[in-house]
Amino acid sequence: MARVIAASACGAVVALGLQKLLRGKTEARRVSAPVETKLIDGKAIAAEVRSEIKKSTAELRAEHNVTPGLAVILVGSRKDSQSYVRNKKKAAEEVGFHTVDIVLPETVSQEDLLFELEKLNSDLKVHAILVQLPLPKHIDEAFVLSKIRVDKDADGFSAENVGNLCMKGGFPPLAVPCTPAGCVELLQRSGVEVSGKNAVVVGRSNIVGMPVSQILQSMDATVTVCHSRTQDMVSYLRNADVVIAAVGKAEYVRGDWLKPGCVVIDVGINAVDDASKKLGYRLVGDVNFAEAQGVAAQITPVPGGVGPMTIAMLLKNTLNLARRSLQLPRIPLRRSTSPAAPGAVSAQVGIQLPKEHLAVVICCKEILIAFWNF
């Protein structure tokens, strides 16, 4: 009889304690103050990366008489492609690279394009080759890209580079896809510790989603990739300490989908109508930037976030490929996954419970111990 009474009393206290604990946890979440959202300045960080590359390029030239060489093949007269190529050429020249531009007409045959590509493969002054996409419909993009020598693969998209990126251990890739590498640089240079954290990548493209998920996993993050077939995507995002949004839909990720205190890297760049702008539109990301204010601890703006980093990482790939031609060690992307340094931002917000709630838990534990020893 005594055991029955003790068990009933224990059950009642445990239930009461747990109820109070859960209620207190919910109230703690509800009354928590808004998070102060800090911008991750992609322009400033990209400038920092370019400055480092310029210094390394000067050292390479002084010590080995070698200048990193970047070649870009442009087919056709698309205005956006021409603009991208101009920006890449300008950035390459600013850091002291040797540059080669091959401009071909829209009607060029695949055979003639491959002939030009093979000349660049054989050019000792060219260490990295980039074929500007998209190519005209009569040209097989995948086949053309496969003909770039792996040790001159500026974009890091060759099967060998992607395979080495995904392999645990073994040889590192000779080049890393530029936009994913830029995302990781932004996280690392903003003091974000991802080891042991939950990271959600929205989008599974070969250009961003797939490679960035592999890089984050190699940095000891627990990675979930969400896509168009993901059920209840919001539930994954609400548990994410780090969000990489690369879905290509304007302001798709809403502020109330995010976990308070998370870090957001917005890869998207989308045009939306805006009559107040001179061009009649404005650029936005894949995350609703306004709604993320007060929720995310850090977030990249659009424009001015990931975009500038993509070209900076193309330059870093070119430098690394030039170094490889001299049998010099590559400059790594990932930094050590050791415990966060002082000042590092933990991409996670914990709930601080009042002392009386902790006392309830301790009290319940003591009653259980007493019951089993009765």
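Let's start with helix 3, residues 79-94, and helix 11, residues 306-325: in this predicted model, their axes come within 10 Å and cross at roughly 55°. An axis here is a line fitted to C-alpha atoms, for helices over the stretch in contact, and angles run from 0 to 180 degrees between N-to-C directions. Helices (H or I, at least four residues) and strands (E, at least two) are DSSP runs, numbered from the N terminus. That angle makes the pair oblique, the term for whatever is left once under 35 degrees counts as roughly parallel, over 145 as roughly antiparallel and 65 to 115 as roughly perpendicular.

Who touches whom? From helix 3 we have N87, K88, A91 and A92, and they meet I311, L314 and L315 of helix 11; contact means heavy atoms within 4.5 Å. By class, that contact has five nonpolar residues, one polar and one charged. For the classes, Ala, Val, Leu, Ile, Met, Phe, Trp, Tyr, Cys and Pro are nonpolar, Asp, Glu, Lys and Arg are charged, and the others, Gly among them, are polar.

Please stay on helix 3 for a moment and find S81. S81 is buried, with a relative accessible area of 3%; buried means under 20%, exposed over 50%, and partly exposed in between, using a 1.4 Å probe and protein chains only. Leaving aside neighbours within four places in sequence, S81 is in contact with L74, Q132, L133 and P134.

Now back to helix 11, which also packs against helix 7, residues 178-189, at an angle of about 110°, with the axes 8 Å apart. These two are therefore roughly perpendicular. Helix 7 brings residues including C178, A181 and L186, while helix 11 brings, among them, V306, M309 and L314. The contact of helix 7 with helix 11 has eight nonpolar, four polar and two charged residues.

Next, helix 6, residues 159-166, where N161, V162, N164 and L165 are buried. They fall within an arc of 165° seen down the axis, so they line one face of the helix; the arc is that of the directions from the axis to the C-beta atoms. Helix 8, 209-218, is part of what covers them.

Stepping back, the protein has 12 helices and 13 strands, and buried residues make up 43% of its 374 residues.

Two notes on the numbers. Residues are numbered from 1 along each chain as its sequence is written, and side-chain values use heavy atoms, leaving out hydrogens and water. As the model is predicted, local features need pLDDT of at least 70 and side-chain atom pairs count only at pLDDT 80 or more, while totals for chains, interfaces and linings use all residues.
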